[in-house]
Amino acid sequence: MTSKPPLPLDPAGFHLDPRKGLARQLYHALRERILDGRMASRMRLPVSRELAETLGVSRNTVVRAYDQLYAEGYVEGRIGDGTYVAELGSGVPASTPPVLQARAPEWLRARLQAYGPGAPPAGPPRAFRLGLPALDLFPFDIWSRLQAQFWRASSLDQLGYGDPAGDPRLREMVAAYLRNGRGLRCSPEQVVITSGAQQAISLCTQLLLQAGDSVAVENPCYRAAAQTFAVAGACLRGVAVDEDGLDTRQLAALHDCRLVYVTPSHQYPSGVTLSLARRLELLDWAEREDAWIIEDDYDGEYRYSGAPLAPLASLDRQGRVLYVGTFSKVLFPALRLGYLVVPPALVEPLAQLRTLAMRHSEVGTQAVLAEFIARGHFQRHIRRMRQAARSRRDALLRNWPAKEAGVMLPPIHAGLHVCVPLPSLARERELLDKAAAIGIELSALSDYCLPPGPVRAGLVLGFAGIDELQIGHALENLRRAWR
């Protein structure tokens, strides 16, 4: 009795899990062998019945795997002569797939790394993480009820593509809030809804800058904005920040800037406020130089004495200010909704750019937020968040380990973080390392400083993301660590 000729394909290395899709597993196994060269071009594959018997699977399983390989061009059939590996040319890798060898362009890597990590850390709130409001106070019951109402009664026209500039009703609600709550006169037509403040900054960059243009930024500065400008090929020009905010005298000495980025209500990260005199000088500079101003009002709702400050844009009479707002600091960052208020002529090009990037924000979330504002929940929530942030600020001021840190906390009049100046970079590193060793998250002021300017030492702490009890425990742990 003659034995069967050996299969042209050695099945010893096949490991198929019967709990999963057998045909898909077999397809991947064969595809991998074709790509890494173990199955050479023009090699004949076993007939489906023989391979099925050898592997202990049904013939249909093998046929489906072969059909997928045939559809994607890895194999080809010869009538009356079986199935063969297709001639794939020299592009087939010898071992490692090319996706594992690819590297980002060096110029992009350099621009991304030049100004430090821009992405905030993920995970639950902890002491003393920056950028987080009192997430524990969000009215989930109200939000879920409004969301359920929307999806029960949504119309078909809301399920197609939406307006790239944003849901019309949400734009109307944002404009009304800014007029009544922030003193910024604007129309709904000037509002563009974005996926948070970061996309708003990116859209402004695409609209206003070309590679090689100079951008003036505060120094120290918001790193994610600096990275956005750098990736666009802009030349960053750091302008010093003092107790009155951006030094407009230094700015006036720069004659080649098309754009300045500022955080006037609560400078990030130093926490100072741009004085009225400096605001007027900044607007004069923009008019004189035919330049633009991006105003990032990321936490302007948080003012602990009196009403929130009116935005810089409320003083603009020449249409030079592009105002960036966000819901991340009063609702929650994962919502990923923000907005731009811009001169009317810029709305259409910004909407077109947003169409290219992501079409529009998710329609249901926009509609729910519009209803949340319309019913008064938003303003009530802001008041509650402001009271909570004030209470948490007071807990930080009351328990701060001044003796162990060697420095008092400065007054905190606004915002969700505080900057604590230190005498040296060595002291900054010492305090940071000891805090990190006990799981407490502090940020270094030096990381926000732009080269080649002077580097300032200090600690930057967010205080609103955890409650008063947690703040007290964290500061007691810091006191022991720093002692």
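**Close-up views of a predicted model**

View 1. Helix 15 (residues 425–437) lies across strand 12 and strand 13 and runs at about 35° to strand 13. Axes here are lines fitted to C-alpha atoms, for helices over the stretch in contact (heavy atoms within 4.5 Å), and angles run from 0 to 180 degrees between N-to-C directions. Helices (H or I, at least four residues) and strands (E, at least two) are DSSP runs numbered from the N terminus. The model is predicted: local features need pLDDT of at least 70, side-chain atom pairs count only at pLDDT 80 or more, and totals for chains, interfaces and linings use all residues. Residues are numbered from 1 along each chain as its sequence is written, and side-chain values use heavy atoms, with hydrogens and water left out.

View 2. Three strands form an open sheet in the order 11-13-12, with antiparallel pairing; two strands pair if DSSP finds at least two bridges between them. Strand 11 (417–421) and strand 12 (443–444) are the edge strands, each pairing on one side only. Five bridges join strand 11 to strand 13 (residues 458–462) in the antiparallel sense. The bridge partner of V420 in strand 13 is L459.

**View 3. Strand 3 against strand 10.** Strand 3 (residues 191–194) directs V191 and I193 one way and V192 and T194 the other way, and all are buried, where buried means under 20% relative accessible area, exposed over 50% and partly exposed in between (1.4 Å probe, protein chains only). Strand 3 runs antiparallel to strand 10 (residues 338–341), and four bridges join them. V191 has V341 of strand 10 as its bridge partner.

**View 4. The surroundings of C257.** C257 is found in strand 7 (residues 257–262). This residue counts as buried because its relative accessibility is 6%. With neighbours within four places in sequence left aside, C257 is in contact with S214, V215, A216, R237, W285 and A291. C257 and D290 are 33 residues apart in sequence, and their C-alpha atoms are 9.4 Å apart in space.

**View 5. The whole chain, for orientation.** The secondary structure of the chain comes to 16 helices and 13 strands. The C-alpha atoms fill a box of roughly 100 × 60 × 50 Å along the principal axes. Of the 483 residues, 50% count as buried. Among contacts between residues at least 6 apart in sequence, 72% join residues at least 24 apart.
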